[in-house]
Amino acid sequence: MNKPVVLVAEELSEAGLAVLGADFEVRHTDGADRSQLLPALADVDALIVRSATQVDAEAIAAAPKLRVVARAGVGLDNVDVEAATKAGVMVVNAPTSNITSAAEHTVALILASARNVAQAHSALKGGEWKRSKYTGVELDEKVIGILGLGKIGQLVAQRLQPFGVEIIAYDPYLQPARAAAMGVRLASLEEVLQQADFITVHLPKSKETVGLIGDRELHMVKPSVRLINVARGGIIDENALYSALKEGRVAGAGIDVFAKEPCTDSPLFEFDQVVATPHLGASTHEAQEKAGTQVARSVKLALAGEFVPDAVNVQGGAVAEDVKPGLPLTEKLGRIFTALAGEVATRLDVEIRGEISAQDVRVLELAALKGVFTGVVEDAVTYVNAPLLAKDRGVVVELVTSAESPDWRNVITVRGVLADGRTVSVSGTLSGPRQITKIVEVNGFAMEIEPTDHLAFFTYADRPGIVGIVGRLLGEQNVNIASMQVSRDVKGGKALIALTVDTAIPSEVVEQIAGEIGADSGRTVDLED
């Protein structure tokens with residue numbers, strides 16, 4: 001019997017190759033050279049890459065037998081996940097391979113910034129002895145502000161506590177009790193900005209976090225503050241940081257990531273108090289070895305047809321054919337739930353009703369959790385680490401099944417209880433022979449609406465004229481409404497407008513609409529990847 005073929009397109013650690021062992025035919029090629037890569041893909045079952053190999057639609061089409069693409073690292077910028085998914089190709093990465101290295105590099109930049117290590121080093125090697133110029137500050141009794149308490153943020157907190165610091169953190173998706181157990185006090189973003197002596201960023205890069213620390217925020221900080229970013233470029237607005245440094249509103253910065261990379265000519269480099277490194281957060285021998293071994297194990301599992309912990313686009317292992325179409329729907333429900341809730345739930349129920357409940361639907365619970373945490377934690381969310389993320393945040397999760405479904409053949413509901421006792425829920429179904437995805441309930445309001453890339457929901461007191469106001473305000477902003485539904489509990493009671501629009505609605509427009517119609521709540525949901 002022929003062995004499955006694994007093509008290694010970039011350098012992989014010896015430990016990773018050892019994991020593959022003798023069960024596979026391992027081949028090597030230069031993935032950065034398209035003239036070598038494309039022909040080499042003709043009969044391979046698995047492809048292992050790092051960051052230099054572009055796994056785009058052309059590459060996937062050149063590999064008709066391809067079953068799994070493995071990225072030996074965290075990011076997937078060089079892998080066309082959508083094209084892979086359409087071709088039925090699993091994509092895996094190594095989401096935890098670099099977390100220790102990134103946390104340690106964060107601490108290194110904090111200390112380097114506090115004690116002017118890089119500047120003094122450069123001066124001394126240039127023949128200058130400048131002890132007084134490079135007087136630094138101690139960490140002892142300082143306030144460390146951490147933006148994002150995911151895996152890396154937690155490791156940073158653990159490593160800094162022996163320095164005698166007070167740690168506060170901004171993370172709206174973490175339960176206060178969980179933070180307290182780590183010796184961390186949760187605070188608002190404004191409180192962290194105003195109180196912290198050092199601020200370190202550990203948030204995912206998303207539409208909500210790009211530019212999160214901008215000019216407005218940098219006018220809130222202490223002039224003695226030092227900012228550290230080993231997460232993603234663009235979360236700290238580099239132009240705003242430049243102005244703050246130039247005007248003396250920020251004392252220093254340690255920057256490992258940039259909005260555009262590679263970056264060798266940034267205005268920030270003109271400041272002596274900026275310590276900069278070229279995206280070294282994951283650049284340790286240990287992280288590279290972990291990445292190699294993790295993806296090699298995933299490749300073995302994928303080619304054996306077993307459950308794959310770090311699959312980012314499809315569920316590994318055996319899933320009933322009737323259940324598979326519900327995976328993307330359930331993940332969307334989880335993302336909509338999080339957008340509607342605006343915070344983490346204390347309890348989350350994933351309810352499966354109808355004929356599908358006779359199948360093994362445990363994977364739908366995982367899909368819901370993946371959706372709930374995607375984009376709100378720093379970690380790459382997978383079907384396996386999603387329950388761990390929930391546990392880390394003190395969320396009680398339960399899967400509920402029932403064969404009874406009065407209104408729909410099958411219906412899936414994600415329902416959660418928030419810290420203040422409010423309940424948020426969203427339900428969906430797959431309708432008709434073409435399995436069309438529909439949202440059929442939001443917070444008890446019935447509807448039938450397709451979950452497109454951009455959604456909006458407004459709850460208000462039922463009365464005439466509201467539809468016209470919403471339409472007028474969106475029209476003034478050139479936001480085109482694709483569909484609109486109004487649902488209400490009773491005449492003159494509470495009503496909900498559900499909208500699908502062609503482009504994202506700016507937050508200030510949402511606030512304006514909510515204000516003019518007197519909405520109890522106004523939420524937008526962006527499902528666009």
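A salt bridge is counted where a side-chain nitrogen of Lys or Arg lies within 4 Å of a carboxyl oxygen of Asp or Glu. By this rule the chain has 27 salt bridges. The model is predicted: local features need pLDDT of at least 70 and side-chain atom pairs count only at pLDDT 80 or more, while totals for chains, interfaces and linings use all residues. Residues are numbered from 1 along each chain as its sequence is written, and side-chain values use heavy atoms, with hydrogens and water left out.

One of the salt bridges joins Arg347 to Glu398, with 2.4 Å between the closest N and O atoms. Arg347 lies in strand 13 (residues 347–354) and Glu398 in strand 14 (residues 396–402), so the pair ties together parts that are 51 residues apart in sequence. Helices (H or I, at least four residues) and strands (E, at least two) are DSSP runs, numbered from the N terminus.

**Domains**

The protein chain is divided into domain 1 (5–95 + 286–304) and domain 2 (98–276); the bounds come from an automatic or database domain assignment. Taken over C-alpha atoms, the domain centres are 34 Å apart. Domain 1 gives 4 residues to the contact and domain 2 gives 5 residues, where contact means heavy atoms within 4.5 Å. Buried area is the accessible area (1.4 Å probe) that two parts lose on being put together, summed over both. Between domain 1 and domain 2 this area is about 320 Å², with 49% given by carbon and sulfur atoms. Of the area that domain 1 buries against domain 2, Val74, Ala287 and Lys290 supply 75%, more than any other three residues. The number of salt bridges between domain 1 and domain 2 is 0.

**Cavities and pockets**

On a 1 Å grid over the protein atoms alone, a cavity is a set of points where a 1.4 Å probe fits but cannot get out, and a pocket is an open set with protein on both sides within 12 Å along at least five of seven lines; lining residues have an atom within 4 Å of a point. Grid points are joined across faces, edges and corners, and a volume is the space filled by probe spheres set on the points. The count is 3 cavities of 30 Å³ or more.

In the table, Ala, Val, Leu, Ile, Met, Phe, Trp, Tyr, Cys and Pro count as nonpolar, Asp, Glu, Lys and Arg as charged, and the others, Gly among them, as polar.

| Space | Volume | Lining residues by class |
|---|---|---|
| Largest cavity | about 40 Å³ | 6 nonpolar, 3 polar, 1 charged |
| Second largest pocket | about 330 Å³ | 6 nonpolar, 8 polar, 3 charged |

The lining of the largest cavity includes Asn229, Glu238, Phe258 and Leu268. The second largest pocket is lined by 17 residues, and Asp322, Ile356, Arg409, Asn410 and Gln435 lie nearest its centre. Helix 13 (326–341), strand 15 (410–417) and strand 16 (423–431) each give two or more residues to this pocket's lining. Strand 16 gives the largest share, 4 residues.

**Backbone features**

Glu261 and Pro262 are joined by a cis peptide bond with omega about -5°. Pro262 is in the loop between strand 11 (252–255) and strand 12 (274–276). His279, in the loop between strand 12 and helix 12 (285–303), has phi near 55°, a positive value in a residue other than glycine.
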